[in-house]
Amino acid sequence: MDHYLELLKHILPEFLIEHFDLTKQATEGEVMHLYFEEKNNPPKEVSNRILIAHGFHKEITIQDFPLRGNAVYLHIKRCRWLDKKTKEIVQRDWNLVAEGTRLTKGFADFLKEICRYPTS
């Protein structure tokens, strides 16, 4: 199974494969939907705290690079944890979406780059 994960790291953003589980996939015509849930591994920077899983944030949907002529939408659910002592909610600070868009940072950067060159 590891060779599939290595292949997916070349197709999808690597952080998704490392920190999220692919829970579902659906294709509707020329649109592919991939559903991810963050693994229940609290951030290392808070490893000194006693944390318990406290559900997920609301799912976000972002567009990524097209694959084989299909538009690709990533549906991502991020974990949150509760600090048992302070009752504070803890979460990772993911920068999943390019500012001002609903695109992955990599896809937005790619589109910005190709728009800089004249097409003539």
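The model is predicted, so local features need pLDDT of at least 70, side-chain atom pairs count only at pLDDT 80 or more, and totals for chains, interfaces and linings use all residues. Residues are numbered from 1 along each chain as its sequence is written, and side-chain values use heavy atoms, with hydrogens and water left out.

Helices and strands are DSSP runs numbered from the N terminus, with at least four residues (H or I) for a helix and at least two (E) for a strand. Two strands count as paired if DSSP finds at least two bridges between them. Three strands form an open sheet in the order β3-β6-β7. Their pairing is antiparallel. β3 (51-56) and β7 (89-90) stand at the edges. Each has a single partner strand, so one side of each lacks a neighbour in the sheet. Strand β6 covers residues 79-83 and pairs with β7 over two bridges. Within this part of the sheet, Trp81 stands opposite Val90 of β7.

Charged pairs were examined next. Side chains of opposite charge can pair when their charged atoms come close. A salt bridge is defined here as a side-chain nitrogen of Lys or Arg within 4 Å of a carboxyl oxygen of Asp or Glu. By this rule there are three salt bridges. One joins Glu37 to Lys77, with the closest N and O atoms 3.7 Å apart. This pair links distant parts of the chain: Glu37 belongs to strand β2 (residues 31-38) and Lys77 to strand β5 (residues 70-77), 40 residues apart. Accessibility is given as relative accessible area (1.4 Å probe, protein chains only), with buried under 20%, exposed over 50% and partly exposed in between. Glu37 is partly exposed at 25%. Lys77 is also partly exposed, at 26%.

Arg49 takes part in a salt bridge with Asp83, and the closest N and O atoms are 2.5 Å apart. Arg49 lies in the loop between β2 and β3, whereas Asp83 is in strand β6, 34 residues apart. Arg49 is partly exposed, with a relative accessible area of 26%. Asp83 is buried at 4%. Arg49 also forms a salt bridge with Glu88, again with a closest N and O separation of 2.5 Å. Glu88 sits in the loop between β6 and β7, so its pairing with Arg49 ties together parts that are 39 residues apart in sequence. Glu88 is partly exposed at 40%. Through shared partners, Arg49, Asp83 and Glu88 join into one network.

A pocket is an open set of points on a 1 Å grid over the protein atoms alone, where a 1.4 Å probe fits, with protein on both sides within 12 Å along at least five of seven lines; lining residues have an atom within 4 Å of a point. The largest pocket holds about 160 Å³ of space. Eleven residues line it, and the closest to its centre are Leu5, Leu8, Ile17, Phe20 and Leu22. α1 (2-11), α2 (14-19) and β1 (20-28) each supply at least two lining residues. By class, the lining has nine nonpolar, no polar and two charged residues.

Asp21 is found in strand β1. Its relative accessible area is 40%, which means partly exposed. Contact means heavy atoms within 4.5 Å. Leaving aside neighbours within four places in sequence, Asp21 is in contact with Tyr35, Phe36, Glu37 and Lys39. The C-alpha atoms of Asp21 and Lys39 are separated by 6.3 Å, although the two residues are 18 residues apart along the chain.

Terms used. Grid points are joined across faces, edges and corners, and a volume is the space filled by probe spheres set on the points. Ala, Val, Leu, Ile, Met, Phe, Trp, Tyr, Cys and Pro count as nonpolar, Asp, Glu, Lys and Arg as charged, and the others, Gly among them, as polar.
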